[in-house]
Amino acid sequence: MKELVADFFNHVGEGLKIAEGIKYTGSKTFKNVVITGLGGSGIGGRIVSQWVANESQVPIYSNSNYSLPNFVGKDTLVVACSYSGNTEETLESVDEAIARGATLFCISSGGKLIDLAKAKNIDFIQIPGGLPPRAAIGYSLTQLTVLMKQVGVAQFAPFKEISSACEMLQANLDEIKATAKSCAEKIHHKQVVIYTEAMYEGVAIRLRQQLNENAKILCWHHVLPEMNHNELVGWAGGHKEIAVLNLRNEDEHKRTKERFKISGEIMGRHTDNIIDINSKGSSRVQRSLYHIHLGDWISVYLAELRKVDPIEVKVIDFLKGTLA
Ligand code: PA5
């Protein structure tokens, strides 16, 4: 998995080339967008929907369930993402989108999803197979971002934005890996909780999922300001076993910065393990990619410390097999 994390930049480069082949032929007058997918395939939709939310003229939602929200209908664009193309929840949501007359676009490496797209003349883009789905984030983020631009939802230039983010990451790679390694050492043997500001929640979810699947640990995430209104109270009583990873960004609301400070003082009475990880980058996309890449490294370094295989997800395979 370490090699695959290091390959992120090649995946992005190749992903951008593949994205040149995106030919969206559907309606451009939709009233809302839903990106649907699970796990390593759903997270790209969570992140991209937050990237474009502020500049989009239409609401954009991410969905990780069998069924689609009630509002989905003829005026909806549904983007279905499944790396394998065989995830039952995603396939069922695609059937539902077809039944409700929504416009569809599919992103996958193959499987039933691509077969269905070909059979029903649905627009799709096929990405290379053979990776653990979560390691294909360089592909899913690029396809989704370019698609959102092509359908008129994203205003920023994806090629320029993502390429310059990768340049920034590569220029800071030694520091990113050193920070990730030291974070992994600090959180080893601890229970981990990740906090970030709400507009970056997708990035926190990505890190949580990577720690779950690659490092094989339980952990949770929450966002500010919301956690100040509930979870912070749960810190009472001492929690030395918990390590906090705060994913901090320079564009946080000024009151959120204050909230992080005061929350840190409160949590600091109960744990010595609060780690702030400040992103770098001049845009939300760049800052997100900084934390995503750094987090991916944390997950593989932690897997190494825990002596677990970051690639295998036998439990997910068993569950899918049992349900089949
Ligand atoms: O990373 C993983 O292996 C999982 O989180 C999968 O992405 C998830 O089970 C969904 O499968 P797929 O990505 O093939 O739709």
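How exposed is lysine 216, and how many other C-beta atoms lie within 10 Å? Select lysine 216 and look around. This is a predicted model. Lysine 216 is partly exposed, with 17 other C-beta atoms within 10 Å. Its place is the loop between α9 and β7. Check its backbone too: phi of lysine 216 is positive, near 60 degrees, and the residue is not a glycine. Most residues other than glycine have a negative phi.

Select isoleucine 217. It sits in the loop between α9 (201-213) and β7 (219-224). Isoleucine 217 has 20 C-beta neighbours inside 10 Å, so it counts as buried. Isoleucine 217 and valine 192 are 25 residues apart in sequence. In space, their C-alpha atoms are 8.6 Å apart.

**The bond at proline 225**

Select leucine 224 and proline 225. What kind of peptide bond joins leucine 224 and proline 225? The bond is cis, with omega about 5 degrees. Most peptide bonds are trans. Proline 225 lies in the loop between β7 and β8 (242-248).

**The ligand**

Select the ligand and the residues around it. There are 15 residues in this group, and Gly39, Gly40, Ser82, Ser84 and Pro133 come nearest. Colour the shell by class: six residues are nonpolar, seven polar and two charged. Which helix gives the most to the shell? Helix α3 (residues 39-53) does, with three residues.

**Two helices side by side**

Select helix α2 (residues 8-19) and helix α7 (residues 158-171). Their axes come within 11 Å and cross at roughly 165 degrees. An angle over 145 degrees counts as roughly antiparallel, so α2 is roughly antiparallel to α7. The crossing of α2 past α7 is left-handed.

**A loop residue: threonine 29**

Move to the loop between α2 and β1 (32-36), where threonine 29 lies. Is threonine 29 buried or exposed? Threonine 29 is exposed, with 10 other C-beta atoms within 10 Å. Threonine 29 and glutamate 250 are 221 residues apart in sequence and 35 Å apart in space, C-alpha to C-alpha.

**Last stop: α11 and what follows**

Select helix α11 (residues 284-305). Its 22 residues reach 31 Å from first C-alpha to last, close to the 32 Å expected. In α11, 19 of the 22 residues are buried, so the helix is largely enclosed by the rest of the structure.

Then select lysine 307, which follows α11. Lysine 307 lies in the loop between α11 and α12 (314-323). Lysine 307 counts as exposed, with 6 C-beta neighbours inside 10 Å. Its phi is positive, about 55 degrees, although lysine 307 is not a glycine.

Key
Residues numbered from 1 in each chain as written. Predicted model: local features only at pLDDT ≥ 70, side-chain atom pairs only at ≥ 80, totals over all residues. Near = placed C-beta within 6 Å. Helix = DSSP H or I, 4+ residues; strand = E, 2+ residues; numbered from the N terminus. Nonpolar A, V, L, I, M, F, W, Y, C, P; charged D, E, K, R; others polar. Expected span 1.5 Å × (residues − 1). Buried ≥ 20, exposed ≤ 12 C-beta atoms within 10 Å, placed from the backbone. Axes fitted to C-alpha atoms, helices over the stretch in contact; angles between N-to-C directions. Parallel < 35°, antiparallel > 145°, perpendicular 65-115°, else oblique. Left-handed = near helix turned anticlockwise from the far one by under 90°.
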